[in-house]
Every structure is written in structure tokens, then in C-alpha cells.
Amino acid sequence: MTPRPPAQLIDRFGRVVDYLRISITDRCDFRCVYCMAEDMTFLPRTQILSLEEIYSIAQAFVELGVKKIRITGGEPLVRKDALSLLKNIGQLDGLNELVLTTNGSQLDTMSAELKAAGVKRINISLDSLNAEKFKRLTRTGDLQQVLNGIQAAKSTGFERLKINAVVLKNQNHEEVGDLVQFAVDNGIDISFIEEMPLGVVKQHDRGVAYYSSQLIKQDLAQRFTLIASPEKTGGPSNYFTVADTNTRVGFISPHSENFCSTCNRVRLTVEGRLLLCLGNEHSVDLKAVLREHPNNTAVLKQTIINAMQIKPEKHEFNVHEQPVILRYMNMTGG
Ligand code: SAM
Ligand code: SF4
């Protein structure tokens, strides 16, 4: 008998989906100005997936060929029992990489347990090295707490640590060089992200705050030599290496360099909505399927396979128009 080919999720454009991002909570201890409104209301508990439901969906995806899972949020580490979920997902047979995106506020105390749970790589958001600016951008965050978290994660020894910085004109764009220097000094990587128009924010005009990856590269060229790297890590970043260092600088440029043709990702919101694209509303309600057909993995898996047929070709972001996507990034799982 010929062995069965490995399961694969493939969309209408021939893209293989092998990467799932799961938002395990919409809640957060920060209120970053580009991510949330100041007065966010969060979902009631009955509307969100239980940890068991999240695990069942992760398991179905891995059985369908997903090799990489990123746990995100909201702030994933503020969800009670996040560690036990991470540990269970980390043990799924066939999963190559369990990675995490966090604001770093809990890393000081949780790094060792995260490593023990099987987390290989961590992305930590850090938009400013100036305590006052950091507070302005996160509204409630404490820079020192995050810096302590980064040091704790460094001492724990993950395979890779990366800083994520969303760059806003006249708010932190003048710090891109210092942020790269921080990454070099700490032997870690960094990615710069162009702000995406998800949800309505009142604190700034996204069009006015737009600062392109091209401008960041020009600014960095004054201080560093960046060498283009062919490396891809399965995400949307384009990488460069800072000459004479091990630090890579990535650029996530949804506006200036559309990355949709190589998209290999889908997202699960904490409400159980499978989002086929960050910048479109095409989605399937996996929570309803799970609750209508408890313990029926076959139905869940077939729903996921069918969902690939509605994955859009590309996002339609435009920072100069009112957002068409009303969900915020904390709902989406960045
Ligand atoms: N709380 C964690 C954190 O901040 O890393 C994980 C969730 S957060 C939504 C994931 C990433 O999305 C962060 O790196 C954050 O900077 C980024 N992000 C949030 N809102 C964004 C937006 N409107 N445009 C681009 N990136 C955004
Ligand atoms: Fe919280 Fe992350 Fe959103 Fe900031 S970007 S408000 S830390 S979820």
C-alpha cells in the first residue's frame, strides 16, 4: 500500500497554509495607541473559546499539516493558565515550532516556564527606549518592566528573540536607529512594522502617522550597513543583517511591499473565528462548529479544509481612508 501523502491545507491560489496564529485572549495590560481604543470593552467569558477548545482547534490544524503555531493576543500571558495551554500545544506531534508574541510585561517571571513549555522563539513588542514615550504609546505600560523581561528572556536562552516595533511618524520614528543599536547590543533581532488600519483609533490620524519601511531604511543607512538576507522565517518580514553583527533587521510592510502572494498564514480569534486574511473579514465560525459537534474532529477538520476556499488573494489596506476593518489588532491576533 502506498503511504498517504501528508495532509496539506491549500487555498485557491495554490498557497499552502502551514502557519496558524492563535489569539488566546483579547485582554491586555497595555492599551497601545495603534492597537486599541482607550476605553476598550472586552468580550464576556461565554463568548470566548475555552482553553480546551483552543487546544482542539490547534490539534486539528496540526493534523492538517500546520507546522508552526504562534500564540498571541491581546496579551497572551495575562490569560489564566496560558502556560498549560502552551505546554499542551507544544507537545502536538507534527508541530515544528511553537512561538509567542508578547508585550514583555510578564517575561521577568514567566520566561523559564515558557521555555519549559516548549516555546522556541519569542517576539517582544518595544516601540521606544524612552520611558515617557513608551508610556505615551502604550498608555499603561512600564518600560523598565519590559526591559527586565527582555533580560530575563535572554538569560533563559530561547532559540531566537526578536523585538517588534510599530513605527509612527513624529511619535517614535526618530528612535529607529537607537532600537537597532539596542538589538545589536543585546544580540537579538528586530522587525519594524508599518501601522495597519485595524479598528478606529482616535489618538492619531493613521495617514499622517504613516512612516514607510523605505524611510526607516534610509534613516538606518546613516548609522548601519544593512545587507539584504534571503532568509525567511515563515512570516511576512523581509530581512537584512546589520554588517559585522548577528542582528537581523526585518521590515513588515503591508503598505509599501505587499506580501500577500506568499501568505502561508491564517488566524484564530479568541471568539473562535477563523480569519483567512488580516485585512479582510472572510471568516468561518469554528466555535459554532465545535459546540454543535462536540468531539467530532472530522467535521472540524472538513470545515477548516473548506475554509481555504475563501482565503482572499490579498489585503485591501488603505491608511488614508476610514478603516473598513472594524476589528482591532487585539481581536485579530497580530
Ligand atoms: N500583546 C502582544 C504584543 O504586543 O506583542 C501580542 C499581541 S499584539 C496585537 C501583536 C503585534 O501586533 C505587536 O507587535 C503589535 O505591535 C502589533 N500591532 C498592534 N496593532 C497594530 C497595528 N494597528 N498595526 C500594526 N501592528 C500592530
Ligand atoms: Fe496590548 Fe499588544 Fe495591543 Fe499593545 S499591541 S495593546 S500590548 S495587545
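## Aromatic pairs

Rings of Phe, Tyr and Trp (its six-membered ring) pair if their centres lie within 6.5 Å; planes under 30 degrees apart are stacked, over 60 edge-to-face, and the rest tilted. By this rule there are 3 aromatic pairs. This is a predicted model: local features need pLDDT of at least 70, and side-chain atom pairs count only at pLDDT 80 or more, while totals for chains, interfaces and linings use all residues. Side-chain values use heavy atoms, with hydrogens and water left out.

## Phe 30 and Phe 134

Phe 30 and Phe 134 pair edge-to-face. Their centres are 6.1 Å apart, with 90° between the planes. Phe 30 lies in the loop between strand E3 (19-23) and helix H1 (51-63), and Phe 134 in helix H4 (residues 131-138), so the pair ties together parts 104 residues apart in sequence. Helices (H or I, at least four residues) and strands (E, at least two) are DSSP runs, numbered from the N terminus.

Phe 30 is buried at 4% relative accessibility. Phe 134 is buried at 2%. Buried means under 20% relative accessible area, exposed over 50%, and partly exposed in between (1.4 Å probe, protein chains only).

Phe 192 and Phe 251 form a tilted pair, 6.1 Å centre to centre and 35° between the planes. Phe 192 lies in strand E8 (residues 189-194) and Phe 251 in strand E11 (residues 248-252), so the pair links parts 59 residues apart in sequence. Both Phe 192 and Phe 251 are buried. With Phe 240, they form one aromatic cluster.

## Charges over rings

The charged end of Lys 217 sits over the ring of Phe 251, 4.8 Å from its centre. Lys 68 lies over the face of Tyr 19, at 4.4 Å from the ring centre. The rule: NZ of Lys or CZ of Arg within 6 Å of the ring centre and within 35 degrees of the ring normal.

Notes: Residues are numbered from 1 along each chain as its sequence is written. Chains are lettered from A and ligands numbered from 1 in the order in which they are written.
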